[in-house]
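User: I am new to this structure and would like a close look at a single part. Please take one chain and go through how the chain is built and what it touches.

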Amino acid sequence: MSKRHVTTTIDGESREFLCEDEQTLLDVLRDVLMKTGTKEGCGTGDCGACSVMLDSRLVCSCLMLAAEAEGRVIETVEGMAEGDRLHPLQQHFLEEAALQCGVCTPGFLVAAQALLARNPDPSEREVRFWLAGNLCRCTGYDKIIRAVLAAAAEMRGADA
Amino acid sequence: MEYAAPRSLDEAIGLLSQVGVDARPMAGGTDLLVQLRTGTRRPKLLVDLKQIPGLCGIDCGSQGFRIGAAVSGAEIGECLPLREAWPGVVEATELIGSTQIQGRASLGGNLCNASPAADSVPALIAAGAVCTVIGPGGRREVPVEEVVRGPGETTLSEAEIVVDFRLPQPQEGTGDAYQRMIPRTEMDIAIVGAGVSLRLAESGECLACRVALGAVAARPIRVDAAAEALIDRRPDAAALGELAAQASAAADPIDDKRGTRAYRSRVAGVLARRAAEMALRRAGPRRVAGSPAS
């Protein structure tokens, strides 16, 4: 069977790719487009490592076929930094030591960015609930939560 | 496997009829893609329903609500008129998975995946939701409680799909609620779910009540005996105790490491009562003190 041709926008750039119908968006991001910033954890929607934005909605890219991306706007962790300047969330993840092995980090960053776009001043409880679909087996979560709250404060222009 | 994204109902039903049992309709895909990966289901054709206008969007009118079967949980959670009218339905829907899952998961998928533990289903049954089913034989209206046959199986015929869910505008004095028990604090599958909707008269008497349970039988069940414990009575402690006893008696759950049969049966009563109490608080300011729960 011939491959499917998909036209989409990824991290602000118009992208076209060929895929098999059964390939997930995650498969294509990593193995076809070589955008390996997005990670595969469980592959079944439980861990959130593959989180991306689909038309401004947070989704697991492992639970979506690449074919479904036709005409849609995808944002990944690779679009967060501006050149060498890290996004405040990335900077605070470093400063708060909110990562160890790093496999979960892209998913946490994308999910946290989605939260702050909706709610610039979340409570700790709101951050924890929003990020409940992102699993981290290293940090114990506290450092991640602190990094998100610190980034939120900086982005609001408040003193962190 | 092939993927198709038809733009119309006719086209979707045509594809499903043509391919038959080897075709599988897909809404959000949050259950189905996992089943493909694990090999639980091996369809030859996946028919994506999200491009079909009739399955998208929420309409709120004076007659009630139409919720497209492929609308995501996130969209449902953002629909304030729906939340105000049927908070139990919206809260149950929001319990389906994480933020990421909410971005895709739908009521149509939650129902047709046919898990006995699907969170939105008892709340929809309690609220009296009816779905529009369309297939090669035409259109029919089916109460939600008649869709699931057993684990992974529905009563739909080949090539039939659930297009939307209809809920009325609640009459004055209506309240609904959904409660569930999971072994963890978040992100888990219900070992018991209980949905209740009811309507109070100005006198405080209960005029109407519907009770539904999830995860305690092979499919979500409506429990009329529990509802009858409140109907035409004042919903006092004795009536609520009777509702709980009837809900426990109606439970016929499995027995596993996540919850024993005895525990699930007991909790079915406890949660039915708590859901009824929350529904009573929501039923309106006409009913005495106690802060509204919504």
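User: What percentage of the 160 residues in chain A do buried residues make up?

Analyst: This is a predicted model, in which local features need pLDDT of at least 70 and side-chain atom pairs count only at pLDDT 80 or more, while totals for chains, interfaces and linings use all residues. Residues are numbered from 1 along each chain as its sequence is written, and chains are lettered from A and ligands numbered from 1 in the order in which they are written.

Of the 160 residues in chain A, 44% are buried. A residue is buried if 20 or more other C-beta atoms, placed from the backbone, lie within 10 Å of its own; it is exposed if 12 or fewer do, and partly exposed in between.

Chain A has five helices and five strands, arranged along the sequence as β-β-α-β-β-β-α-α-α-α. Helices (H or I, at least four residues) and strands (E, at least two) are DSSP runs, numbered from the N terminus. With a radius of gyration of 16 Å, close to the 15 Å that the globule rule gives for 160 residues, chain A is as compact as a globular protein of that length. The radius is taken over C-alpha atoms, and the rule is 2.2 Å times the number of residues to the power 0.38. Along the principal axes, the C-alpha atoms of chain A fill a box of roughly 55 × 30 × 25 Å.

Two residues are in contact if their C-beta atoms, placed from the backbone, lie within 7 Å. Among contacts in chain A with a separation of 6 or more, 58% join residues 24 or more positions apart.

Chain A is divided into domain 1 (4–79) and domain 2 (88–156); these bounds come from an automatic or database domain assignment. The C-alpha centres of the two domains of chain A lie 21 Å apart. Their contact takes 14 residues from domain 1 and 11 residues from domain 2. On the domain 1 side, strand 3 (residues 51–54) of chain A gives the most, with three residues. By class, that side has seven nonpolar, six polar and one charged residues. Ala, Val, Leu, Ile, Met, Phe, Trp, Tyr, Cys and Pro count as nonpolar, Asp, Glu, Lys and Arg as charged, and the others, Gly among them, as polar.

Chain A also meets chain B: 21 residues of chain A are in contact with 19 residues of chain B. Strand 3 and strand 4 (57–60) of chain A each supply at least two residues of the side that touches chain B. The largest share of that side, four residues, comes from strand 4 of chain A. The residues of this side divide into 11 nonpolar, six polar and four charged.
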